[in-house]
Structure formats: structure tokens, C-alpha cells
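Thank you all for coming; I would like to go through one model with you, beginning with a single residue and then widening the view to the sheet around it. Please have a look at the sequence and the structure first.

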Amino acid sequence: MSVVKINVLTVPAEQRELLEKRFASRAGAVENSDGFEWFELLRPTEGTDSYLVYTRWRDEESFTAWMEGNMKSAHQGGGAEGGERPRPAASGSTLWSFEVVQQTAPPGA
């Protein structure tokens, strides 16, 4: 079965819009990776400053290959003038890992 990776990002209120814009500008960056199955960016609605970045992968090897390839190069690249990387929008990050043991979908999905 698939594996799920949830990156828990601590994002101050004043950085939320920036974080969401950065994710939107990366459209397509993960979708073409071998073994990729699903992505969601979840915005908190109350009681927390943590965004959840949900990805689902065919297996652990697919996730690891993406982390060591496309994801790593995307996060090491320059961006601002003078070759400096832009400051992160998140002030903290924790990665949660899960195996899918049961799943269901609506009929016809």
C-alpha cells in the first residue's frame, strides 16, 4: 500500500499569504515524479499556526527519490537578486510518516 508524508509547517499569520503563493507557483513540481499519487496544502482554520503539506506516494522509495532529486534541487536553488535564497515563510517544520492500511472512496471514484 501507499505511504503518506505530512510536513507540518509552523507559519506566522503574516507569512501565510507568502507560503500559499510559493506553493501555487510550484504547480507541477511534484506531480510528474515517479510514484507520486496525491498532494494537498491544508490551511489551518482555527487554533493553530500549522499548515499541513500532505503527499501520498506509491512507496517509500518513490518519496525518497523525490526528496533526493527534484525536491532537493528546488529548495537549494537561488531566487532573489544576488543569488541569495528567499527567506522561508515557515518558522519550523516536522515530517510525519504513515503507511496506508485502509482506504475507501465514494462509489464511482
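This is a predicted model: local features need pLDDT of at least 70, side-chain atom pairs count only at pLDDT 80 or more; totals for chains, interfaces and linings use all residues.

In which strand is the place of Arg-56? Arg-56 sits in strand S3, where strands are DSSP runs of E with at least two residues, and helices are runs of H or I with at least four, both numbered from the N terminus.

Residues are numbered from 1 along each chain as its sequence is written, and side-chain values use heavy atoms, with hydrogens and water left out.

Arg-56 is buried, with a relative accessible area of 17% (buried means under 20%, with a 1.4 Å probe and protein chains only). Its side chain makes a polar contact of 2.2 Å with that of Gln-103, a polar contact being a pair of N or O atoms within 3.5 Å, of which, within protein, one must be able to donate a hydrogen and the other to accept it, and residues adjacent in sequence count only if both atoms are side-chain atoms.

Turning to the sheet, 4 strands form an open, antiparallel arrangement in the order S2-S3-S1-S4, where two strands pair if DSSP finds at least two bridges between them. Strands S2 (36–42) and S4 (92–99) stand at the edges with a single partner strand each, so one side of each is left without a neighbour in the sheet. Strand S1 (residues 3–10) is joined to S4 by 8 bridges, and Val-4 has Phe-98 as its bridge partner in S4.

Terms used
Buried means under 20% relative accessible area, exposed over 50%, partly exposed in between (1.4 Å probe, protein chains only).
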